[in-house]
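Welcome! Please take a look at the sequence and the structure shown here, and then read on for a short tour.

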Amino acid sequence: MKKLNNKLDVMTQPLMSLALWLPRIALGVAFFFHGYGKLPAPFMMVEQHRMVTWFESEFLPMPELLVNMVILGEMAAGIGIILGGVVGIFSVNWGNLLTRLSGVLVVIITVSYTHLRAHETKANL
């Protein structure tokens, strides 16, 4: 068993640095494109209008401003997560800081959305 374990360690050693980048890139790209899909471009206005309408139905103040904050937050979080890894190559402390700030932004957006959806579900019961 130890021999097999050593062989697997030798085979996977070159992929260890890549393993740290895969979730970072996946999460960063996902958040960036979720924000990008809501940009106020002529071909993307339906998504943004739907979001503004939903925020209005939840009686949130200034829905247009909130939509733009969500869009910028999602795009900034995605870019920040990826850039945190790139900056971390040169300066570990700054890379960690950028990644953690982006992670906090992801948490704020996700928790806010979850809270709004839970509130909407309770109202419909």
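## A first look

I71 touches G35, K38, L39 and Q48, leaving out residues up to four places away in sequence; touching, or contact, means heavy atoms within 4.5 Å. This is a predicted model, in which local features need pLDDT of at least 70 and side-chain atom pairs count only at pLDDT 80 or more, while totals for chains, interfaces and linings use all residues. Residues are numbered from 1 along each chain as its sequence is written, and side-chain values use heavy atoms, with hydrogens and water left out.

**The nonpolar core**

- I71 also belongs to the largest nonpolar core, which has 9 residues in all: M51, V52, W54, F55, V67, V70, I71, M75 and L116.
- Helices α3 (45-57) and α4 (63-90) each supply at least two residues of this core.
- A nonpolar core is a set of buried Ala, Val, Leu, Ile, Met, Phe, Trp, Tyr and Cys residues joined through side-chain atoms within 4.5 Å.
- Helices here are DSSP runs (H or I, at least four residues), numbered from the N terminus.

**A buried serine**

- S102 sits in helix α5, which covers residues 92-124.
- With a relative accessible area of 5%, S102 is buried (buried means under 20% relative accessible area, exposed over 50%, and partly exposed in between, with a 1.4 Å probe and protein chains only).
- Setting aside neighbours within four places in sequence, S102 is in contact with A76, A77, G80 and I81.

**Aromatic rings**

- There are 3 aromatic pairs in the structure; rings of Phe, Tyr and Trp (its six-membered ring) pair if their centres lie within 6.5 Å, and planes under 30 degrees apart count as stacked, over 60 as edge-to-face and the rest as tilted.
- One of these pairs joins F32 and F33 edge-to-face, at 5.3 Å centre to centre and 80° between the planes.
- The ring centres of F32 and Y36 are 6.0 Å apart and their planes are at 15°, so this pair is stacked.
- F32 and Y36 both lie in helix α2 (residues 16-36), 4 residues apart, about one turn of the helix.
- Together, F32, F33 and Y36 form one aromatic cluster.
- F32 is partly exposed at 22% relative accessible area, F33 is partly exposed at 49%, and Y36 is partly exposed at 35%.

**A charge over a ring**

- R24 lies over the face of W21, 5.8 Å from the ring centre (this requires NZ of Lys or CZ of Arg within 6 Å of the ring centre and within 35 degrees of the ring normal).
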